[in-house]
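Work through the exercises below with the structure open. Try each task before reading its solution.

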Amino acid sequence: QVQLVEFGGGLVQAGGSLRLSCAASGRTFSSYAMAWFRQAPGKEREFVAAKRWDLGLTRYADSVKGRFTISGDNAKNTVYLQMKSLKSEDTAVYYCASPETVGTWGPYTYWGQGTQVIVSS
């Protein structure tokens, strides 16, 4: 059974940094695409970043390019989202996700429970 557990959210001042973690169990994350999404209050869930280790490719939403970095630690089976230069509009619940099928960018079948990030201005 695939489980994704996020942690690392919290309250941070605008301009600050935060690193989110997503611990994967039930699969080796580096064989699948791993992604981060977020959902702000009153808004739909949106894509933030994704990485496919088999291709060495990453994708980022325009709103986070140059500020966020997705990476992973094979030994810990954990994916990270390093967030820098945070803005109030980055406030959201952040979710980790992974598709059912190896070698695809989606659709995303497995989701974590989310971790809250609040950026104070």
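## Exercise 1: Positive phi

S85 counts as partly exposed because its relative accessibility is 41%. Keep in mind that the model is predicted.

**Task.** Where does S85 lie, and what is its phi? Then treat N77 likewise: is N77 buried or exposed?

**Solution.** 
- Step 1. Locate S85. S85 sits in the loop between β8 and β9.
- Step 2. Read its backbone. Phi of S85 is near 50°, a positive value in a residue other than glycine.
- Step 3. Turn to N77. N77 is in the loop between β7 and β8.
- Step 4. Read its phi. N77 is not a glycine either, yet its phi is positive, about 50°.
- Step 5. Apply the cut-off. Buried means under 20% relative accessible area. N77 has 14% relative accessibility, so N77 counts as buried.

## Exercise 2: The disulfide

**Task.** How many disulfides does the structure hold? Which residues does a disulfide join, and where in the chain are they?

**Solution.** 
- Step 1. Count. The structure holds one disulfide.
- Step 2. Name the pair. C22 is joined to C96, with S to S at 2.1 Å.
- Step 3. C22 is in strand β3 (residues 18-25), and C96 is in strand β9 (residues 92-99). They are 74 residues apart, so the pair links distant parts of the chain.
- Step 4. Check the handedness. The angle about the S-S bond is -75°, and the link of C22 and C96 is left-handed.
- Step 5. Check burial. Both C22 and C96 are buried.

## Exercise 3: The nonpolar cores

**Task.** How many residues has the largest nonpolar core? Which strand gives the most to this core?

**Solution.** 
- Step 1. In soluble globular proteins, nonpolar side chains tend to be buried together.
- Step 2. Size the core. The largest nonpolar core has 25 residues. Those with the most contacts inside it include L20, W36, V48, F68, L81, M83 and Y94.
- Step 3. List the suppliers. At least two residues of this core come from each of β3, β4 (33-39), β5, β7 (68-73), β8 (78-83), β9 and β11 (115-120).
- Step 4. Pick the main one. β3 gives the most, with four residues.
- Step 5. Look at V48. Among the residues that V48 touches are W36, F68, L81 and Y94.

## Exercise 4: The open sheet

**Task.** What is the strand order of the open sheet of four strands? Which are the edge strands?

**Solution.** 
- Step 1. Trace the order. It runs β1-β3-β8-β7, with antiparallel pairing.
- Step 2. Find the edges. β1 (3-7) and β7 each pair on one side only, and these are the edge strands.
- Step 3. Zoom in on one pair. β1 and β3 pair in the antiparallel sense over five bridges. F7 has S21 in β3 as its bridge partner.

## Exercise 5: A buried arginine and a cis bond

**Solution.** 
- Step 1. R52 is in strand β5 (residues 46-52).
- Step 2. List its contacts. R52 touches residues including A33, L57 and W105.
- Step 3. Go to P107. P107 lies in the loop between β9 and β10 (108-111).
- Step 4. Read omega. The peptide bond from G106 to P107 is cis, with omega near 0°.

Key:
Residues are numbered from 1 along each chain as its sequence is written. This is a predicted model: local features need pLDDT of at least 70, side-chain atom pairs count only at pLDDT 80 or more; totals for chains, interfaces and linings use all residues. Side-chain values use heavy atoms; hydrogens and water are left out. Contact means heavy atoms within 4.5 Å. A disulfide is a pair of cysteine sulfur atoms within 2.5 Å. Buried means under 20% relative accessible area, exposed over 50%, partly exposed in between (1.4 Å probe, protein chains only). A nonpolar core is a set of buried Ala, Val, Leu, Ile, Met, Phe, Trp, Tyr and Cys residues joined through side-chain atoms within 4.5 Å. Two strands pair if DSSP finds at least two bridges between them. Lists of a residue's contacts leave out its neighbours within four places in sequence.
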